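Reader: Please explain how the labels given to the rings, the core and the pocket of this model follow from the computed values.

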Amino acid sequence: MRKGDATKAKILDETARQAALKGFGAVSLNDVAGAVGLSKSGLFKHFESKEAMELVALEREFDRFVDFVWTPVLDLPQGRPRLERIFELWLDWSEVERAAGGCLIMAASIELDDQPGPLRDLLQRRVRQWRRTLAREVKALRDPELSDDEAAVFVFQMKSYVLGHNDARRMLEDAGARRIATASFAALMDRAATR
């Protein structure tokens, strides 16, 4: 990796880390620059504006999420085996991969839910894309396939279990959070497969 690319990656990592901890609105260029050993003007050698830097950081974080949660399951059979692994990896993402600062995607969803603009637009587009991907997988849980509405309800509940796990583990320090989330998700799949 070239020095400029490595510096840009450090900037994006730091922007994502700070935004996950305190929100995009509270991330300052001075804080990011100082953390990566640059001047504020040094950041502008890599990004034309704070918003451009934040957009790339959020897009990159979503790409990382997809690489972490989706890419490893592509060789698994569609349906239950793949969905079980996706859920497991999604929990790993919040527990291990993004443990220090939390998940930027979850944090941004809370921060940006009522703030129109390019960051929110990007987040909406990527979350909708992820939901569509999951819905396609969910439909394969049984034959005949689940309906669009059934798949949408399943995806909603699946994400609710991830969010509930994150809250129980991070906020309440509940050591049993993963076990409960996994059991809840297994029961959801059982119900969806037998209707």
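Author: In this predicted model, one aromatic cluster is formed by Phe62, Phe65, Phe68, Trp70, Trp90, Trp93 and Trp130. By the rule that ring centres must lie within 6.5 Å, the count comes to nine aromatic pairs.

Reader: Why is the pair of Phe65 and Trp130 called edge-to-face?

Author: The ring centres of Phe65 and Trp130 are 5.2 Å apart and the planes stand at 80°. Planes over 60 degrees apart count as edge-to-face, so the pair of Phe65 and Trp130 takes that label. Phe65 belongs to helix α4 and Trp130 to helix α7, 65 residues apart, and the pair thus links distant parts of the chain.

Reader: How do you know whether Phe65 is buried or exposed, and what is the case for Trp130?

Author: Buried means under 20% relative accessible area. Phe65 has a relative accessibility of 3% and therefore counts as buried. Trp130, with a relative accessible area of 8%, is buried as well.

Reader: What makes the pair of Phe87 and Phe185 stacked?

Author: The planes of Phe87 and Phe185 are at 10°, with ring centres 4.2 Å apart. Planes under 30 degrees apart count as stacked, so this pair is stacked. Because Phe87 lies in helix α5 and Phe185 in helix α9, the pair ties together parts that are 98 residues apart in sequence. Phe87 and Phe185 are both buried.

Reader: Which residues have the most contacts inside the largest nonpolar core?

Author: Ile86, Trp130, Phe154 and Met158 have the most contacts within this core of 54 residues. Helix α7 provides the largest share of the core, eight residues. Leaving aside residues up to four places away in sequence, Ile86 touches Val69, Trp70, Val73, Trp130, Leu134 and Met158. Contact here means heavy atoms within 4.5 Å.

Reader: How many residues line the largest pocket, and which lie nearest its centre?

Author: The lining of the largest pocket has 25 residues, with Cys103, Met106, Ala107, Ile110 and Asn166 nearest the centre. Among the elements that give two or more residues to this lining are α1, α4 and α5. The largest share, six residues, comes from α8. The space in the largest pocket is about 460 Å³.

Reader: What classes of residue make up the lining of the largest pocket?

Author: The lining holds 15 nonpolar, five polar and five charged residues. Cys, Met, Ala and Ile count as nonpolar.

Conventions. Residues numbered from 1 in each chain as written. Predicted model: local features only at pLDDT ≥ 70, side-chain atom pairs only at ≥ 80, totals over all residues. Heavy atoms only, no water. 1 Å grid on protein atoms, 1.4 Å probe; cavity = no way out; pocket = protein on both sides within 12 Å on 5 of 7 lines; lining within 4 Å. Points joined across faces, edges and corners; volume = space filled by probe spheres on them. Helix = DSSP H or I, 4+ residues; strand = E, 2+ residues; numbered from the N terminus. Core = buried A, V, L, I, M, F, W, Y, C linked by side-chain atoms within 4.5 Å. Buried < 20%, exposed > 50% of the residue type's maximum accessible area, 1.4 Å probe, protein only. Phe/Tyr/Trp six-rings, centres within 6.5 Å; stacked < 30°, edge-to-face > 60°.
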